[in-house]
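Subject: A structure to look through

Dear colleague,

Please find below the structure I promised to pass on, together with its sequence. Could you open it first, and then read my notes beside it?

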Amino acid sequence: MINSDLSSPSAVAGGRHAQAVILAIVTLDAIGISLVMPIVPGLLREVGHTGDLGWRFGAFLSLYALMQFLCAPVLGALSDRFGRRPVLLVSVAGAAIDALFMAFAPSLWLLFVGRAIAGMTGANMAVASAAIADLTPEHQRARWFGRMGACFGLGFIAGPAIGGVLGDHGVRLPFVAAAVLNGITFLVGLLVLRESRPKALAAKPFDRGVLHPLAPLRWAAGVPALLPILGVFGVLVMVGEVAGTTWVLYGEDRFAWNATTVGLSLACFGLLHAVVQGFVAGPVVERWGERAAIAIGTLADCTAYALIAFATQGWMALALLPLLCMGGIGQPALQAMLSRRVGEAEQGRLQGVLASLSSLASVVGPLVISSVYFAFRARFPGIVWLAGAVLYLVCLPVMLGKRGRGSAERAHAAGEGHS
């Protein structure tokens with residue numbers, strides 16, 4: 001159910017305008033986050049006064065994901081109580097201030113402090129997702145969640161390219177640019193973003209217990225009908241980390257790719273992924289349903305992973321990029337399925353749980369995947385891709401199991417009872 005205030009034609013047009021603003025915020029957010037990625041190694045070497053990054057590089061990356069894991073559910077729950085708009089604005093303003101802080105941080109430990117704050121403020125995707133759920137009819141949510149993923153992907157294509165150019169003129173400049181972009185995002189939201197949360201929820205008593213970072217996960221654990229789908233969501237996100245963790249290493253080891261080839265392949269992947277999420281995921285769900293979309297996405301990823309594991313030439317892996325990107329239609333459908341199974345009062349909390357699971361996968365996944373990869377690097381470097389394909393096949397029966405309308409209604413009622 002969407003906000004009843006959006007039932008008139010003018011309100012529907014306003015809702016679409018608000019959706020466009022949310023997508024713009026997500027895009028600018030992604031650019032602001034990814035701007036600094038190309039200069040992180042150089043920055044750590046410069047500030048740490050060492051050429052040996054050692055544990056510092058991995059810890060710097062994981063710290064961001066860890067803070068998102070802890071803070072995304074809190075921001076989602078706060079947006080349920082106080083509104084999507086104020087939480088989004090505060091988080092974006094905080095990101096702008098933090099970027100300036102990191103642009104002038106004089107020591108390594110202050111950079112880590114800034115990185116932790118960046119993870120906290122960057123956890124607002126849960127709030128943006130909740131706002132989209134507020135503004136969108138159930139049958140269109142997969143389409144709009146896919147567009148969110150597409151905008152985030154486009155931001156991650158533009159951000160590193162801009163950051164790389166600026167980084168050649170100074171490792172601090174991308175932080176200044178990130179501060180400017182977040183400042184623009186804040187002004188856009190302040191001037192044109194309206195509140196999307198249903199007004200009836202404002203009077204609901206606020207439970208301070210939701211501020212505990214693990215509270216939404218406990219809430220989710222108390223809704224048995226959601227647990228299988230949430231479990232599959234977590235596994236699929238974890239398996240998705242295989243590509244992000246090993247693509248560069250695998251290309252260099254298996255196909256002798258140079259930096260230019262790796263960069264072009266990543267840009268191609270990002271573009272294809274954005275197109276699939278933005279223009280394919282929604283129509284597939286609306287035509288054939290969520291379960292069919294999840295099956296198509298899972299089988300596409302599973303097939304691509306298995307073939308990449310045994311590819312012997314670089315062109316083979318590049319030719320599989322479209323199939324690999326088709327796997328992107330599964331997550332918006334899964335997100336829409338979960339969103340439909342809870343009430344309006346729990347949309348922010350649910351999106352916080354999903355963001356938290358994604359962040360947890362970004363903390364744990366690279367550590368596990370890289371360990372397995374390096375253990376089998378000399379014998380069979382494709383083992384992580386093959387293991388990912390197997391995990392996809394294990395998850396598929398859970399997602400395609402028979403769950404009737406009554407089951408969905410029980411999940412919805414359980415969510416209301418545990419709110």
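Helix H6 (residues 125–135) is largely enclosed by the rest of the structure, because ten of its eleven residues are buried. Here buried means a relative accessible area under 20%, exposed means over 50%, and partly exposed lies in between, with a 1.4 Å probe and only protein chains considered. The buried residues of H6 are Ala126, Val127, Ala128, Ser129, Ala130, Ala131, Ile132, Ala133, Asp134 and Leu135. Helices are DSSP runs of H or I with at least four residues, strands are runs of E with at least two, and both are numbered from the N terminus.

Before you go further, please keep in mind that this is a predicted model, in which local features need pLDDT of at least 70 and side-chain atom pairs count only at pLDDT 80 or more, while totals for chains, interfaces and linings use all residues. Residues are numbered from 1 along each chain as its sequence is written, and side-chain values use heavy atoms, with hydrogens and water left out.

The chain as a whole

The chain has 19 helices and zero strands, and buried residues make up 52% of its 419 residues. Its accessible surface comes to about 17700 Å², of which 70% belongs to carbon and sulfur atoms; such areas come from the Shrake-Rupley method with a 1.4 Å probe, and for residues only the protein chains shown count as cover. If you look at contacts (heavy atoms within 4.5 Å), you will find that residues 24 or more positions apart account for 85% of those in the chain with a separation of 6 or more.

How many disulfides does the structure hold? It holds zero, where a disulfide is taken as a pair of cysteine sulfur atoms within 2.5 Å. Cysteine 151 counts as buried because its relative accessibility is 15%, and cysteine 395, at 7% relative accessibility, counts as buried too.

Pairs of helices

Two packed helices are described by the angle between their axes and the distance between the axes. The axes here are lines fitted to C-alpha atoms, for helices over the stretch in contact, and the angles run from 0 to 180 degrees between N-to-C directions. Angles under 35 degrees count as roughly parallel, over 145 as roughly antiparallel, 65 to 115 as roughly perpendicular, and the rest as oblique.

The axes of helix H4 (residues 84–104) and helix H5 (residues 108–121) come within 9 Å and cross at roughly 165°, so H4 and H5 are roughly antiparallel to each other. The contact is made by Ser91, Gly94, Ala95, Asp98, Phe101 and Met102 of H4, together with Leu110, Leu111, Gly114, Arg115, Ile117, Ala118 and Thr121 of H5.

For helix H7 (residues 141–167) and helix H8 (residues 173–192), the axes come within 8 Å and cross at roughly 135°, which means that H7 is oblique to H8. Gly163, Leu166 and Gly167 of H7 make this contact with Leu173, Pro174 and Ala177 of H8.

The axes of H10 and helix H17 (residues 347–376) also come within 8 Å, crossing at roughly 40°, and therefore H10 is oblique to H17.

Threonine 27 is found in helix H1 (residues 9–34), and, not counting residues up to four places away in sequence, threonine 27 touches Cys151 and Gly155. The C-alpha atoms of threonine 27 and phenylalanine 156 are separated by 8.4 Å, although the two residues are 129 apart along the chain.

Glycine 48 lies in helix H2 (residues 40–48) and is partly exposed, with a relative accessible area of 25%. Leaving out residues up to four places away in sequence, glycine 48 touches Leu43 and Leu108. Its C-alpha atom is separated by 9.0 Å from that of tryptophan 109, which is 61 residues apart from glycine 48 along the chain.

Finally, please look at alanine 256 in the loop between helix H10 (227–255) and helix H11 (259–279). Alanine 256 is exposed, with a relative accessible area of 65%, and its phi is near 60°, a positive value in a residue other than glycine. Most residues other than glycine have a negative phi.

With best wishes
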